[in-house]
Amino acid sequence: MIKENLAKVRSTLADGVRLVAVSKTKPVEMLQEAYDAGQRLFGENKALEMRDKHAVLPEDIEWHFIGHLQTNKIKYIAAYVRMIHSIDSLNLLEAVDKEARKHDRVIDCLLQFHIATEETKFGLNMDEARALLESPEYAAMEHVRIVGVMGMATNTTDRELVRREFRTLREYRDQLAEKYFKGHEEFREISMGMSHDYDIAMEEGSTMVRIGSTIFGARDYGVKVNDD
Ligand SMILES: *Cc1c(COP(=O)(O)O)cnc(C)c1O
């Protein structure tokens with residue numbers, strides 16, 4: 001079914017929108033099936049799980065980290081991760097810079113914003129993002145490159161609320177681009193939209209949608225994975 005699900009999702013993507021296949025909790029056989037159907041971009045939210053999958057799956061997979069990242073776990077992904085969607089503090093960005101330096105790499109990063117009404121979601125607000133971007137610590141970093149923003153909308157059936165939250169994230173991207181990234185065309189990404197709301201996200205300007213259950217089926221959290 002994965003091949004069919006992927007084809008269905010792909011047929012609904014707006015022009016220029018990239019699909020991050022969110023494979024967290026799913027076995028490598030399922031990722032391989034998606035790979036065989038042409039998928040190369042995968043999203044995981046646990047460092048050890050990503051490390052274990054990276055070790056056995058094809059080299060040309062583009063791995064994106066999309067979950068809350070602890071600084072002591074960066075070492076498991078720094079050698080190969082292409083993008084980290086979930087930068088929510090200067091401290092984390094500094095730690096990523098330090099680990100990327102060890103591998104002589106530059107890791108693309110997104111600033112994660114708190115756009116939902118729920119208390120529990122991680123993310124920066126605009127003041128915190130400005131403070132990060134204006135800090136001397138950030139100015140000194142050479143092994144990270146900030147290429148855009150990421151956010152998760154409220155988990156609700158109120159589609160107008162979701163739309164407003166996505167619109168806010170797009171405005172944040174535009175404001176930051178104008179103020180801090182003049183002449184840096186790479187700062188353009190908006191990672192927003194999941195299985196149940198990516199249609200709205202695309203209408204509001206998403207450049208990357210992160211889709212899991214629609215491709216791989218519902219997740220079973222009955223068994224805790226060996227991480228965090
Ligand atoms: C799990 C997850 C997704 C995908 O969610 P689905 O509803 O399965 O599409 C997207 N983004 C993040 C950050 C996630 O943790």
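**The ligand site and the charged pairs**

Reply: A polar backbone atom of Gly212 sits 2.9 Å from an oxygen atom of the ligand. Ser213 also uses its backbone: one of its N or O atoms there is 2.8 Å from a ligand oxygen. Lys24 uses its side chain instead, with an N or O atom 2.6 Å from an oxygen of the ligand. The ligand on its own has 390 Å² of accessible area, and the protein covers 91% of that.

Around the ligand stand Val22, Lys24, Ile66, Met150, Met152 and Met194. Ser195, Arg210, Ile211, Gly212, Ser213 and Arg219 complete the list. Sorted by class, this shell has six nonpolar residues, three polar ones and three charged ones.

Next, the charged pairs. Side chains of opposite charge can pair when their charged atoms come close. The model is a prediction, and its structure holds 19 salt bridges. Glu62 takes part in two pairings described here, one with Arg18 and one with Arg82.

Start with Arg18. The closest N and O atoms of Glu62 and Arg18 are 3.0 Å apart. This pair links distant parts of the chain, 44 residues apart. Glu62 belongs to strand E3, residues 62-65, while Arg18 belongs to strand E1, residues 18-22.

How exposed are the two partners? Glu62 has a relative accessible area of 12%, so it counts as buried. Arg18 reaches 35% relative accessibility and is therefore partly exposed.

Then Arg82. Its salt bridge with Glu62 has closest N and O atoms 3.4 Å apart. Again the pair joins distant parts of the chain, here 20 residues apart. Arg82 lies in the loop between E3 and strand E4, which covers 83-87, while Glu62 is in strand E3. At 40% relative accessibility, Arg82 is partly exposed.

A pair within a helix comes next. Arg170 and Asp174 meet through their side chains in a salt bridge, 3.6 Å from N to O. Both residues are in helix H7, residues 159-180. They are four residues apart, about one turn of the helix. Arg170 is partly exposed at 33% relative accessibility. Asp174, at 34%, is partly exposed as well.

There is also a network of salt bridges. It links Glu160, Arg163, Arg167, Glu203 and Glu204.

Finally, the fold that carries these parts. The protein chain has nine helices and eight strands. Its radius of gyration is 17 Å, close to the 17 Å that the globule rule gives for 228 residues, so the chain is as compact as a globular protein of that length. Along the principal axes, the C-alpha trace spans about 50 × 45 × 35 Å. Of the 228 residues in the protein chain, 52% are buried.

Back to the site, in brief.

Key:
Residues numbered from 1 in each chain as written. Predicted model: local features only at pLDDT ≥ 70, side-chain atom pairs only at ≥ 80, totals over all residues. Heavy atoms only, no water. Salt bridge = Lys/Arg side-chain N within 4 Å of Asp/Glu carboxyl O. Helix = DSSP H or I, 4+ residues; strand = E, 2+ residues; numbered from the N terminus. Buried < 20%, exposed > 50% of the residue type's maximum accessible area, 1.4 Å probe, protein only. Near = heavy atom within 4 Å. Polar contact = N/O pair within 3.5 Å; in protein donor to acceptor, adjacent residues only side chain to side chain. Areas by Shrake-Rupley, 256 points an atom, 1.4 Å probe, with all protein chains shown as cover. Nonpolar A, V, L, I, M, F, W, Y, C, P; charged D, E, K, R; others polar. Rg over C-alpha atoms; globule rule 2.2 N^0.38 Å.
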